[in-house]
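Subject: Structure handover

Hello,

Here is the structure for you to look over. My notes on it follow below.

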Amino acid sequence: MTERKPFFIIGYMACGKTTFGRALARKLDRQFIDLDFYIEQRFRKRIPEIFAERGEEGFRQIERNLLQEVGEFDNVVISCGGGTPCFFDNMDYMSHRGVTIWLQATEARITERLLVNNANRPLIKGKSKEEIEQTVAKGLSEREEFYSRAGIHFSGEYLEDRRQIDSTVEKFLNNNIVI
């Protein structure tokens, strides 16, 4: 049923979309596409540069167009940006075209990951732990209505090392008929 359809992984920043998606793609022998990286390669600019030049509306239009481009590929796992499902008809498109997976993580886990690796995240760069916690809580609250429309809800809580990543992918495959 889903052997060729794309998998779209959605969720908040630092929930583990890229880590999980890359491991899932490897296990299923599919191509992995990180949508933000795809956009950066296509435009030869970093996402913050595109935002600065075109504004959020311009960036979101680019994101939509390239989501629909990669969404037409078969046998791919696509890690979407945290805001991708929240604009235009992106969530409807992904749900119609393939399998949508909401990778969930607690506010505490997301904050922990952001404290360790925040260099490329303009929304939280330079913020204190408390400010990051507030940003995460607010962001999750605002986006939950979009994320919750995914066909599969799955935990990205345990993706901190190779053993956890492999175990999480195995658990996902054992609990969801996706092969």
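A definition to start: two strands pair if DSSP finds at least two bridges between them. Helices (H or I, at least four residues) and strands (E, at least two) are DSSP runs, numbered from the N terminus. This is a predicted model, in which local features need pLDDT of at least 70, side-chain atom pairs count only at pLDDT 80 or more, and totals for chains, interfaces and linings use all residues. Residues are numbered from 1 along each chain as its sequence is written, and side-chain values use heavy atoms, with hydrogens and water left out.

The sheet

With that rule, β2 and β3 run parallel and are joined by 4 bridges. D34 stands opposite S79 of β3. The sheet as a whole is open and has 5 strands, in the order β2-β3-β1-β4-β5, with parallel pairing. Its edge strands are β2 (31-34) and β5 (152-155), each of which pairs on one side only. On average, neighbouring strands of the sheet are turned by 25° against each other, direction ignored. That angle is taken between N-to-C directions and runs from 0 to 180 degrees; axes are lines fitted to C-alpha atoms, for helices over the stretch in contact.

Now the other pairings. β1 and β3 run parallel, joined by 3 bridges. The bridge partner of F7 in β3 is V77. Strand β1 (residues 7-10) also pairs with strand β4 (residues 99-104), in the parallel sense and over 4 bridges. There, I9 stands opposite I101 of β4. β4 pairs with β5 over 4 bridges, again in the parallel sense. W102 has H153 of β5 as its bridge partner.

Side chains on two strands deserve a look. Buried means under 20% relative accessible area, exposed over 50%, and partly exposed in between (1.4 Å probe, protein chains only). In strand β3 (residues 76-79), V76 and I78 point one way, V77 and S79 point the other way, and all are buried.

The core

A nonpolar core here is a set of buried Ala, Val, Leu, Ile, Met, Phe, Trp, Tyr and Cys residues joined through side-chain atoms within 4.5 Å. The largest one has 53 residues, and F20, L24 and I101 touch the most other members. Helix α3 (residues 47-70) gives the largest share of this core, 7 residues.

What does I101 touch, not counting residues up to four places away in sequence? The list is F7, F8, I9, I10, L24, A150, I152, F154 and F172. Contact means heavy atoms within 4.5 Å.

Helix packing

Helix α1 (residues 17-28) packs on helix α7 (residues 162-175) at an angle of about 65°, with the axes 10 Å apart. The crossing of α1 and α7 is right-handed. A crossing is right-handed if the near helix is turned clockwise from the far one by less than a right angle, and left-handed if anticlockwise. On the α1 side, the contact is made by T19, F20, A23, L24, R26, K27 and L28. On the α7 side, it is made by R162, I165, T168, V169, E170, F172 and L173. By class, this contact of α1 with α7 has 8 nonpolar, 2 polar and 4 charged residues. Ala, Val, Leu, Ile, Met, Phe, Trp, Tyr, Cys and Pro count as nonpolar, Asp, Glu, Lys and Arg as charged, and the others, Gly among them, as polar.

Single residues

D29 is not a glycine, yet has a positive phi of about 55°. D29 sits in the loop between α1 and β2. Its relative accessibility is 72%, so D29 counts as exposed.

R44 is not a glycine either, and has a positive phi of about 55°. R44 sits in the loop between α2 (35-43) and α3. At 77% relative accessibility, R44 is exposed.

Leaving aside neighbours within four places in sequence, E40 is in contact with K45, R46 and I47.

E144 lies in helix α6 (residues 129-147). With a relative accessible area of 44%, E144 is partly exposed. E144 and C86 are 58 residues apart in sequence and 9.3 Å apart in space, C-alpha to C-alpha.

Best wishes
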